[in-house]
Amino acid sequence: MSMQQLSISRRSVLVGFAAMSLLAACAAPATPTKAPDAPAAAPASATTAPAVASAPGTGGTAIGFIFVGPKDDYGYNQAAYLGSKAVEDKFGKNLKILRAENVPENEEAERVMENMIQQGAKIIFATSYGHLDPAINVAKRHPDVVFVHQGGAKHTANVGAYFGTIWQPVYLSGIAAGKMSKTGKLGYIVAFPIPQTLLNINAFTLGAQSVNPNATTTVVFTANWCDPAKQTEAVKTLVAAGVDVVTQHQDCAKTIVEASERAGIMSVGYHADGSPLAPKGWLTGSQWNWGNLYSDIVQTIVDGKWVGSKYDAIYREGFKEGVVELSPFGASVTDDVKKLINDKKQTMLDGKFNPFTGPIKDQDGKVRIADGVQLDTVKLEAETTYLVQGVVGALPK
Amino acid sequence: MLESIIAGAIRAGTPVLFACLGEVIVERAGLVNLGTEGSMLVGALAGFAITAGTGSALLGVIAGALAGLLLSLVFGYLAIQRRANQLATGLAVLTLGNGITAFFGRSFVNQQIHGINPLHIPILSDIPFVGAAFFQQDIMAYLAGIMAVVLWLFLYRTRWGLVLRATGEREEVAYAGGYSPNRVRWAAVAFGGLMAGVGGAYLSVAYTLNWIEGMTAGRGVVAVALVIFASWSPLQAVFASYLFGGAQALQLSLQADGVDASPFLLSMVPYLLTLAVLLVVGRWRRNVMPEGLKAVFGSASARSVA
Amino acid sequence: MTRQITLAPIARRWAGAAGLIVMPVVLFGLFLALAGQNPLDAYIAMLSNTLGTTNGLGETAVRAAPLVLAALATIVPARAGLINVGGEGQLMIGALTTTAMAMVLRDALPIWLTLPILAIAGAFGGLLWAGIAGALRTRFNLNETICTLLLNYVAVLVVGFFVHGLLKDPASFNWPFSPPFADAARFPELPGSRVHLGILIAPIAAIVVWYMTSRTYLGLRLQVVGGNAEAARRAGINVARTQLIAMLIGGALAGLAGMVHVSGVEGRLLPTTGVGFGYTGFLAAWMVGQNPLLAIGSATVLSMIAVSGDSLQIAANLPASSVNVLTAMVLLGVLANFKKR
């Protein structure tokens with residue numbers, strides 16, 4: 001290769017950089033970056049707190065939401081997006097809603113959140129499990145901003161965590177699966193073996209076993225929140241193993257529901273109502289209804305009452321508050337099954353029934369929750385590092 | 001269980017096989033197109049979008065093929081006309097495909113399509129063991145297999161195949177035969193893009209019936225690596241692609257069986273095998289690699305073979 | 001270099017260079033308009049959040065640092081006529097060995113001792129990974145481009161294997177990442193920002209590589225081997241050894257990039273730590289014809305575009321990855337204007 005020609009182009013590239021910086025320099029002053037409340041550097045913002053209010057999370061002009069996937073994924077991110085819509089309806093007049101989809105669960109999330117803070121956000125919803133540590137890191141730099149994380153089990157000075165006890169409806173959908181399955185073999189397609197997912201697998205299995213003691217749940221992990229090809233292959237693998245009801249803990253739920261329908265087996269949904277996707281095989285599912293919780297969190301923060309509030313902690317709510325719901329039943333679900341499930345749901349609402357009442361035994365038969373014991377939700381999450389008896393499949397080590 | 005793994009290997013291997021076959025032809029012409037991944041992505045999106053819009057999966061696959069082809073022309077222009085560095089150009093084209101599909105793909109995420117469904121070949125599909133593995137695939141999977149044979153025949157039994165190989169080996173030979181090496185290269189690159197586009201469309205229209213940003217997840221770049229494993233042979237590309245698919249299917253099957261095997265070690269198998277093949281077989285079959293490629297893969301290596 | 005300079009070629013050069021920037025910007029503007037966005041607003045948002053604020057400038061620099069090092073990882077072997085596409089894998093392995101060392105050291109040593117040790121560990125990891133390809137190249141005469149490319153896939157899986165296994169944080173509830181680094185293993189940050197001291201390593205390394213390649217005997221040897229291996233052999237230079245050295249230096253630089261990234265911003269090892277940095281660095285190197293000093297500029301431009309994607313998403317509500325279209329156009333424009341032969 002000729003160095004001569006290279007050096008010419010090389011110089012023109014250098015010139016190009018110069019041109020670009022020039023362009024940038026011209027454009028920069030014209031940008032609306034110097035909004036009155038956009039501090040140039042964080043330490044300044046920490047010390048020279050605006051006179052309006054000193055409570056963390058107040059005095060902002062925006063609310064930021066970060067999602068790990070696209071807003072229309074028929075799943076986790078769609079549910080969270082709808083929650084952000086509810087916040088927009090209620091607070092959109094005074095606070096701008098900033099959203100970022102497909103935010104990776106690594107340091108890039110920090111960059112996105114920093115950007116939102118630059119745009120005036122004093123409240124940030126970090127909605128995916130892996131956004132927790134990035135949020136904690138950003139929070140350290142911005143003590144005046146409140147971060148709320150969806151699903152985490154950590155809590156720091158200005159980071160709170162909220163979630164719903166989705167395992168309640170998951171248990172009920174397990175009843176539907178156990179009743180409707182002909183083979184007694186159920187399948188669960190899971191992304192990562194984290195506490196939330198293990199709780200769901202266990203709840204689903206316990207629900208199925210409550211109506212069919214011989215029911216088993218075969219679990220496969222995809223190590224990805226949303227990889228449609230892997231999801232499809234997982235459905236086929238489970239079908240080959242004799243499974244006739246498939247459920248999932250993934251972010252995007254559509255592929256699995258559709259693939260199950262095509263394979264002629266039944267499916268139990270997750271995150272959102274997928275019944276239109278599977279007119280034949282849809283049984284029911286568990287879904288989120290974040291709107292009220294999100295709005296209440298925002299209200300608490302903008303009122304300056306976040307510190308010491310229930311959200312300034314590891315906060316969980318469930319059926320009673322309406323954050324989790326059972327999805328509509330499919331056409332194939334018979335009335336007696338519906339009644340059975342609705343009755344069970346009522347006992348949960350009344351606080352008379354907790355599916356994780358001991359004795360709960362793990363795969364090896366070891367008692368993990370002693371006879372008659374009920375753990376509180378946070379403790380239950382922390383201690384669920386096992387799969388219950390009747391689950392086929394090993395936890396990846 | 002074995003039959004479900006074989007069936008899975010074919011399913012998961014088919015999209016890669018399409019791209020791999022296309023890249024075999026590209027590399028036979030003496031070029032390496034890492035932009036294959038980008039062609040797969042635009043193929044997946046175009047395939048899905050057109051299927052969703054028209055209701056015809058056939059039109060979708062054709063659209064995917066065209067989209068893949070169009071993107072590969074960007075590579076062709078830079079690599080052939082401008083003689084830009086091919087590896088860098090390929091990566092840039094990959095980036096372009098990634099951006100374009102992110103840009104236009106968002107509104108298709110929640111759409112539903114009736115794509116291409118598996119066939120159920122009478123009698124044959126009920127044969128125990130082989131039935132489910134070989135006779136319950138969709139028509140595209142068979143097409144991929146047929147293409148491999150057709151391309152092999154093309155390469156070794158037709159004059160045009162000879163011209164293609166000559167272009168990749170020693171362009172003077174093709175030139176002396178009255179063929180323009182650049183035209184041959186253009187044709188090869190376009191074909192490679194087309195096949196990658198079909199592979200992408202297979203992912204969205206036949207395999208998952210869904211579109212999601214970045215859904216090819218590296219399969220196009222894998223295809224380029226598998227071409228080397230396949231020693232630039234269309235028939236061996238079949239084996240290479242199914243091996244890749246098999247590693248994916250095996251992970252899930254083992255899990256469903258309650259076996260705790262590391263998916264990471266399993267996934268390494270195709271790449272380590274490729275290195276092993278290069279190391280062992282490559283020593284006495286060094287001439288398998290098209291001469292022209294040696295320039296792409298580093299000018300120094302061509303010299304040091306002597 | 002200083003030949004007779006008349007104004008016309010300079011003007012032409014400026015015009016050509018401006019074209020390389022303006023064309024992609026205009027084309028991408030059309031794209032934005034197609035999506036129903038006002039291109040001007042989008043560009044203002046993109047620029048204000050990269051060059052217009054201290055935060056944006058800092059983010060650009062933070063991302064550019066490992067890219068510069070990854071570009072250097074391509075540049076040094078290129079001097080010896082080798083194409084190293086393996087910066088990607090070497091960087092990830094560098095991050096892995098850095099993490100392993102950080103887990104051993106914890107906060108046992110003071111920061112001024114810990115960081116150099118980690119840097120050595122990271123560089124050594126990258127060096128080892130590149131050494132595999134280098135040995136296959138020089139011992140068994142396998143093509144280094146193919147080997148480094150294949151080893152990239154293996155590297156991702158090796159990192160995945162450890163992050164899901166040995167290096168998994170016991171307190172992570174099965175979430176795949178390593179325990180966080182101790183403070184002694186983290187580059188000090190400027191207060192209130194993500195800008196850390198480690199980014200200084202990148203320009204220093206670029207200057208060192210520039211000096212090494214253009215002012216030392218080793219640099220000359222690399223140049224001769226890269227220019228004509230046969231002539232080098234006749235001149236008594238051990239070609240294989242020189243090429244291996246070039247590969248090892250490249251790998252060490254990539255490994256250092258991994259260390260800077262993981263000790264600087266990530267603070268722990270994730271399955272995705274550093275993914276894409278190696279390939280982007282490779283492109284940054286090709287953008288500037290393998291010039292170590294100019295690589296600082298190309299890496300910065302690529303970093304800036306990537307960072308500006310956030311604003312595109314937040315302000316214009318477009319997918320952040322659509323900014324890849326702009327990246328690709330800039331790259332393609334530059335590549336098209338490099339005549340290889």
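**Strand 6 of chain A and its surroundings**

Me: Which strands pair over 5 bridges in the parallel sense?

Reply: Strand 6 of chain A and strand 8 (residues 245–249) of chain A do so, in the parallel sense. Strands here are DSSP runs (E, at least two residues), helices are runs of H or I with at least four residues, and both are numbered from the N terminus. Two strands pair if DSSP finds at least two bridges between them.

Me: What kind of model is this, and how are residues numbered?

Reply: It is a predicted model, in which local features need pLDDT of at least 70 and side-chain atom pairs count only at pLDDT 80 or more, while totals for chains, interfaces and linings use all residues. Residues are numbered from 1 along each chain as its sequence is written, and chains are lettered from A and ligands numbered from 1 in the order in which they are written.

Me: Back to the pairing: which residue stands opposite A:G187?

Reply: A:V246 in strand 8 of chain A stands opposite A:G187.

Me: How does strand 6 of chain A run relative to strand 7 of chain A?

Reply: Strand 6 and strand 7 (residues 216–221) of chain A run parallel and are joined by 6 bridges. A:T217 in strand 7 of chain A is the bridge partner of A:L186. With helix 7 (residues 195–211) of chain A, strands 6 and 7 make a right-handed β-α-β unit. Right-handed means that, with the strands pointing away from the viewer, the path from the first strand over the helix to the second runs clockwise.

Me: Why is strand 6 of chain A described as largely enclosed?

Reply: In strand 6 (residues 185–190) of chain A, 5 of the 6 residues are buried, so the rest of the structure largely encloses this strand. A residue is buried if 20 or more other C-beta atoms lie within 10 Å of its own, exposed if 12 or fewer, and partly exposed in between, with C-beta atoms placed from the backbone.

Me: What is the strand order of the open sheet?

Reply: The 7 strands of this sheet in chain A follow the order 12-10-9-8-6-7-15, with mixed pairing. Its edge strands are strand 12 (324–326) and strand 15 (391–392) of chain A, each of which pairs on one side only.

Me: New topic. How many residues of chain A are in contact with chain B?

Reply: 32 residues of chain A are in contact with 27 residues of chain B. Contact requires C-beta atoms, placed from the backbone, within 7 Å of each other. Helix 8 of chain A gives the most to the side of chain A that touches chain B, with 9 residues.

Me: Where is the kink in helix 1 of chain B?

Reply: A kink of about 45° lies at B:T14, shortly before the proline B:P15, in helix 1 (residues 2–28) of chain B. The bend at a residue is the angle between axes fitted to the seven residues ending there and the seven starting there. Of the 27 residues of helix 1 of chain B, 24 are buried, so this helix is largely enclosed by the rest of the structure. Just after helix 1, B:G30 takes a positive phi of about 90°.

Me: And A:V138: buried or exposed?

Reply: A:V138 is buried, with 26 other C-beta atoms within 10 Å. This residue lies in helix 5 (residues 132–141) of chain A. Not counting residues up to four places away in sequence, A:V138 touches A:E110, A:M113 and A:E114.

Technical notes
Two residues are in contact if their C-beta atoms, placed from the backbone, lie within 7 Å.
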